[in-house]
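Me: I would like to go through the terms used for this protein. Please tie each one to its criterion.

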Amino acid sequence: MARLVSTALVRGLVRSCRAPSAAAVSQSAFQQFMNYSSGIGHSNANGGSSSTGVAADPDTHQDFQPTSKSPSMSFNDIVSQDIKENPVLIYMKGYPDAPRCGFSALAVKVLQRYDVPISARDILGDPKLKESVKAHTNWPTFPQIFIKGEFVGGSDIILDMHQKGQLKDVLGDIAPRVSKAMPHEEDNSMPIL
């Protein structure tokens, strides 16, 4: 079934490339798709051109247009505020519950051993944020870990500090994370039947 569908799609694409449609006299459907998906040479319904396909797409509702969540704050301000407000902060690839690289996963695993609250930002979602963090620390790789407002380093440094017993001293006065125990988990004295 999947093979039939894919064959039909390819045939339709080939046909649309051979015969121009009423909607696109100057370009084939394939060329329009490639231009749209790459953001190059996309023309909108008014005949204008745009550098990005989604932002100028007349079929995209304004709720789905890219927006800036903090128009008054620069990325440098966001990084500074994050560092100041979070006792343990990781700029990482992914999130603590779903790291997207082994070094980020290692850093999270080491910090979780100390049961401290971990704040994190995914640097993969915004290249400008990633560059702002790099500029702030003058450190080229990720994850980048901050503890009590100070840049500590990456996963290798955190692991080394853990192995030498230094990380326990650094994290010692940070309040442990609040666990959300289920009502039946609070009283461990009850036997489980």
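Some questions on the cores, the sheet and the helices follow.

Me: What kind of model is this?
Reply: This is a predicted model.

Me: What makes the largest nonpolar core a core, and which residues have the most contacts inside it?
Reply: A nonpolar core needs buried residues of the listed nonpolar types, joined through side-chain atoms within 4.5 Å. The largest such set has 15 residues. Leu111, Ile145, Ile147, Leu167 and Leu171 have the most contacts inside it. β3, α4, β7, α6 and α7 each supply at least two of its residues. α4 gives the most, with 4 residues.

Me: Which residues does Leu171 touch, leaving out those up to four places away in sequence?
Reply: Leu171 touches Val88, Leu111, Tyr114, Val116 and Ile147. Contact here means heavy atoms within 4.5 Å.

Me: Why are β6 and β8 called edge strands?
Reply: The open sheet has the order β6-β3-β7-β8, with mixed pairing. β6 (119-122) and β8 (150-153) each pair on one side only, so they are its edge strands. The twist averages 25° from one strand to the next.

Me: Why do β3 and β7 count as paired?
Reply: Pairing needs at least two bridges. β3 and β7 have 4 bridges, in the antiparallel sense, so they count as paired. Leu89 stands opposite Phe146 in β7.

Me: Which helices pack on these strands, and at what angles?
Reply: Helix α3 (residues 75-85) lies across β3, β6 and β7, at about 140° to β3. Helix α5 (residues 127-137) touches β3, β6, β7 and β8. The direction of α5 makes about 60° with that of β7.

Technical notes
Residues numbered from 1 in each chain as written. Predicted model: local features only at pLDDT ≥ 70, side-chain atom pairs only at ≥ 80, totals over all residues. Heavy atoms only, no water. Buried < 20%, exposed > 50% of the residue type's maximum accessible area, 1.4 Å probe, protein only. Axes fitted to C-alpha atoms, helices over the stretch in contact; angles between N-to-C directions.
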